[in-house]
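Here are my notes on the model you sent over.

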Amino acid sequence: MTYFFEPIGGIFSKLVIKEKDPINQARIKMLAYILVLYLLFTGILIIAYSLGGESLHLIRVSIVSTTTVALIALAYFTHAWKTVSHIILWFHTLAVWSNLSIYVQDISIGALQFIWIVGAL
């Protein structure tokens, strides 16, 4: 099963090699997994929201997808993985607030999932 995830973790292999601390190496790998899976997930959502005609959600997911590509490029070319992690935390916090104030206007399972992800990072 771990062979499936090796290409994803290999994206930031230069960063992993440079880090001496095994905890930071695991953080970099987890960051790579999160960013690549964001691309996959947002790609699926872009298709679904385009077919469903949900323009507000489509705009939001398109912004997340574009930002994810920019964050992968930032981490890959500048090796600033800590900065990228902090940016992700900010975006997740903004996602929680947008869910609570614009979309759902209530505590939902989606908002709780975002809160748990921010807590895990």
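1. First, the ground rules. This is a predicted model, so local features need pLDDT of at least 70 and side-chain atom pairs count only at pLDDT 80 or more, while totals for chains, interfaces and linings use all residues. Residues are numbered from 1 along each chain as its sequence is written, and side-chain values use heavy atoms, with hydrogens and water left out.

2. The overall fold. The protein chain has six helices and zero strands, and reading along the sequence gives α-α-α-α-α-α. Helices here are DSSP runs of H or I with at least four residues, strands are runs of E with at least two, and both are numbered from the N terminus.

3. Burial and surface. Of the 121 residues in the protein chain, 24% count as buried. Buried means under 20% relative accessible area, exposed means over 50%, and partly exposed is in between (1.4 Å probe, protein chains only). The protein chain exposes about 8,000 Å², with carbon and sulfur atoms supplying 72% of that; areas come from the Shrake-Rupley method with a 1.4 Å probe, and for residues only the protein chains shown count as cover.

4. Contacts along the chain. If you take contacts between residues at least 6 apart in sequence, 57% of them join residues at least 24 apart. A contact is heavy atoms within 4.5 Å.

5. Helix H3. This one covers residues 22-52, 31 residues in total, and its first and last C-alpha atoms are 44 Å apart, close to the 45 Å expected at 1.5 Å a residue. The expected span is 1.5 Å times one less than the number of residues. The buried positions in H3 include Ile 28, Leu 31, Leu 35, Thr 42 and Tyr 49. After H3 comes Gly 53, with a positive phi near 75°.

6. Helix H4. H4 has 24 residues and reaches 34 Å from first C-alpha to last, close to the 34 Å expected at 1.5 Å a residue. Among its buried residues are Val 61, Ser 65, Thr 68, Leu 71 and Ile 72.

7. Where do Thr 42 and Ser 65 sit relative to each other? They are 23 residues apart in sequence and 5.8 Å apart in space, C-alpha to C-alpha. Thr 42, in H3, is buried at a relative accessible area of 4%. Leaving aside neighbours within four places in sequence, Thr 42 is in contact with Val 61, Val 64 and Ser 65. Ser 65, in H4, is buried too, at 15%, and, with residues up to four places away set aside, touches Leu 39, Thr 42 and Ile 46.

8. Not counting residues up to four places away in sequence, Thr 68 touches Leu 35, Tyr 38 and Leu 39.

9. Val 84, buried or exposed? Val 84 is in H5 and is buried, at 0% relative accessibility. Beyond residues up to four places away in sequence, Val 84 touches Leu 31, Leu 35, Leu 71, Leu 74 and Ala 75. Its C-alpha and that of Ile 72, 12 residues apart along the chain, are separated by 8.2 Å.

10. His 79 lies between H4 and helix H5 (81-103). Its phi is near 60°, a positive value in a residue other than glycine. His 79 is partly exposed, with a relative accessible area of 31%.

11. Aromatics. The structure holds one aromatic pair. Tyr 76 and Phe 77 make that pair edge-to-face, 5.0 Å centre to centre with 85° between the planes. Rings of Phe, Tyr and Trp (its six-membered ring) pair if their centres lie within 6.5 Å; planes under 30 degrees apart count as stacked, over 60 as edge-to-face and the rest as tilted. Tyr 76 is partly exposed at 37% relative accessibility, whereas Phe 77 is exposed at 65%.
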